[in-house]
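Take a look at the chain below.

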Amino acid sequence: METVTPGHQVSLGRWELPIELLVVANLIALAVETVPELSPFWRRTLWNFEVFCALVYTVEYGVRMTLARPRWRYAVSFYGIVDLLAILPFYLMVALNMQ
């Protein structure tokens, strides 16, 4: 399931493509969310999708950190920092109640 490349990127094998597709879907949802005339139903639906994506990305980050050896090398690698920066804004937004 897991392979480690010299750049300390941890591969999740067959789960890489679904995660990449989720990123694309999340970007599309983010763009749709900017439409001013969006109904409350769709705003709530998009928020729920964003929460789902954040949870998936958090699990992904946790799995990559668990599989990486040594863990700190992944945490400070380019991919580790990008993964962390991908989930931090969501948790800051929730913590600061900025939905």
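Glu16, Glu60, Arg64 and Asp83 are linked in a network of salt bridges. A salt bridge here is a side-chain nitrogen of Lys or Arg within 4 Å of a carboxyl oxygen of Asp or Glu. The model is predicted: local features need pLDDT of at least 70, side-chain atom pairs count only at pLDDT 80 or more, and totals for chains, interfaces and linings use all residues. Residues are numbered from 1 along each chain as its sequence is written, and side-chain values use heavy atoms, with hydrogens and water left out.

The structure holds 3 salt bridges. Take Glu16 and Arg64: their closest N and O atoms are 2.9 Å apart. This pair links distant parts of the chain, with Glu16 in helix H1 and Arg64 in helix H2, 48 residues apart. Helices (H or I, at least four residues) and strands (E, at least two) are DSSP runs, numbered from the N terminus. Arg64 also meets Glu60 in a salt bridge, at 2.9 Å from N to O. Both lie in helix H2, 4 residues apart, about one turn of the helix. An α-helix has 3.6 residues a turn, so residues three or four places apart point the same way. Arg64 and Asp83 form a salt bridge too, with the closest N and O atoms 3.7 Å apart. That pair joins helix H2 to helix H4 across 19 residues.

Buried means under 20% relative accessible area, exposed over 50%, and partly exposed in between (1.4 Å probe, protein chains only). Arg64 has a relative accessible area of 5%. Glu16 counts as buried at 17%, and Asp83 does so at 16%. Beyond its neighbours within four places in sequence, Arg64 is in contact with Val10, Ser11, Leu12, Glu16, Tyr74 and Asp83. Contact means heavy atoms within 4.5 Å.

Now step back to the whole chain. The elements run β-β-α-α-α-α from the N terminus. Buried residues make up 26% of the 99 residues.

Helix H2 covers residues 40–67. It has 28 residues and reaches 40 Å from its first C-alpha to its last, close to the 40 Å expected at 1.5 Å a residue. That expected span is 1.5 Å times one less than the number of residues. The buried residues of H2 include Leu46, Trp47, Cys53 and Tyr57. Their cover includes strand E2 (10–11), helix H1 (16–32), H3 and H4.

The largest nonpolar core has 9 residues: Val10, Leu22, Cys53, Tyr57, Tyr61, Met65, Ala68, Tyr74 and Ile87. Its largest share, 4 residues, comes from H2. Such a core is a set of buried Ala, Val, Leu, Ile, Met, Phe, Trp, Tyr and Cys residues joined through side-chain atoms within 4.5 Å.

Pro70 lies in the loop between H2 and helix H3 (71–75). Most peptide bonds are trans.

Helix H4 spans residues 78–95 and holds Val82. Val82 is partly exposed, with a relative accessible area of 39%. Its C-alpha atom is 10.0 Å from that of Tyr61. Leu96 sits in the segment after H4, and counts as exposed at 58% relative accessibility.
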